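Dear colleague,

I am passing on the structure below, together with some notes on what came out of going through it. Please have it open as you read.

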Amino acid sequence: MEVGQMQRRLVDYTKSLFMEGFLDAQFLQLQQLQDESNPDFVVEVVSLFFDDSEKLLNDLTMALDQPNVDFKKVDAHVHQLKGSSSSIGAQRVKNACIAFRSFCEEQNIDATLRCLQQVKQEYYLVKNKLETMLRLEQQIVAAGGSIPMIELGF
Amino acid sequence: RKRQLLTEIVLRNRLTALVVDADTTCRVLEQLLLRSYGVQTQGVDNGRDAVTLIASGVKFNLIIIDMILPILNGLEATRQIRDMGVHCKMLGVTACSGESERQAFLAAGVDVFIEKPLDPEHLVPILRELDG
């Protein structure tokens, strides 16, 4: 595939992530922080997010698996995931966390278990999408092309 | 890539900032955002380390602090920092979004309450103000 085609494919794919709500404008902010002095910034931050999130999801699974669930602890984990997902622009994960927190407040075990599944689903979806997007970027760079900018006004 | 969307400002003075956030992703992002404006930053991941650092005499123009922190939470860390007589600008940057949480953080001593994510729209006017 020639570079121009790959670039168009990347632009279309990235735009679809915004249109489908996986990412919001905060992700564009992230891309703006990447420059010659930080050429791998987005990959590094996204990787940090993946590592942090998987640890949090494991902690949440364990916390909700206790005979006496400590909802304060559960809420603290969800709060942290809400913060990191909003900071990188993972909108659907963030929204799932908002719903999760309201059920933590109610101390509703069934609802919080369902929320955990929802958050996991959204997380693995966005992880998959971001990995695909970053792979497309790498292919373009390897072929000698540059990463096209995504315009906000789409 | 050029920075097209970040508001470009040039600071005349060298500003320093402390970022207090337990979440690595958030802390790294906030530090990098500050550094992109030329602010020198340090980061800690809990309230106790923040208080200890300030108590040791290190001065910052700006402290960005999350509400929920391990060991010593953000509210108590903020109170202790203010009780030391530290008057620098403090931003409470948190994933908490409720009015009661906002009031509590302001009452503890932060000057501004910002719901995450920290963005240039909130940060740039504050940096301009600090830069005089």
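**Chain A as a whole**

Among the contacts in chain A between residues at least 6 apart in sequence, where contact means heavy atoms within 4.5 Å, 69% join residues at least 24 apart. Please keep in mind that this is a predicted model, in which local features need pLDDT of at least 70 and side-chain atom pairs count only at pLDDT 80 or more, while totals for chains, interfaces and linings use all residues. Residues are numbered from 1 along each chain as its sequence is written, chains are lettered from A and ligands numbered from 1 in the order in which they are written, and side-chain values use heavy atoms, with hydrogens and water left out.

Chain A has six helices and zero strands, where helices (H or I, at least four residues) and strands (E, at least two) are DSSP runs numbered from the N terminus. The C-alpha trace of this chain spans about 55 × 30 × 25 Å along its principal axes, and 49% of its 154 residues are buried, a word that stands for under 20% relative accessible area, with exposed meaning over 50% and partly exposed in between (1.4 Å probe, protein chains only).

**Helix H1 of chain A**

The 17 residues of helix H1 (residues 3-19) of chain A should span 24 Å at 1.5 Å a residue, and the end C-alpha atoms are 24 Å apart, which agrees; the expected span is 1.5 Å times one less than the number of residues. Buried in H1(A) are Gly4(A), Met6(A), Leu10(A), Val11(A), Thr14(A), Leu17(A) and Phe18(A). They cover an arc of only 160° around the axis, which puts them on the same side of H1(A), the arc being that of the directions from the helix axis to the C-beta atoms. These buried residues pack against helix H2 (25-32) and helix H6 (109-142) of chain A, whereas Arg8(A), Asp12(A) and Met19(A), on the other side of H1(A), are exposed. After H1(A) comes Gly21(A), with a positive phi near 80°.

**The sheet of chain B**

In chain B, five strands form an open sheet with parallel pairing, in the order S2-S1-S3-S4-S5; two strands pair if DSSP finds at least two bridges between them. Strand S2 (40-44) and strand S5 (112-115) of chain B stand at the edges, each with a single partner strand, so one side of each has no neighbour in the sheet. From one strand to the next, the twist averages 20°, with axes taken as lines fitted to C-alpha atoms, for helices over the stretch in contact, and angles running from 0 to 180 degrees between N-to-C directions.

Strand S3 (residues 62-65) and strand S4 (residues 89-94) of chain B pair in the parallel sense over four bridges, and Ile65(B) has Gly92(B) as its bridge partner in S4(B). Helix H2 (residues 47-55) of chain B packs on the sheet and touches strand S1 (16-20), S2 and S3 of chain B, its direction making about 155° with that of S1(B). Helix H3 (residues 74-83) of chain B also packs on the sheet, touching S3 and S4 of chain B, and its direction makes about 160° with that of S3(B).

**Backbone details in the loops**

Lys116(B) and Pro117(B) are joined by a cis peptide bond with omega about 10°, and Pro117(B) is placed in the loop between S5 and helix H5 (120-131) of chain B. Ile71(B), a residue other than glycine, has a positive phi near 70°.
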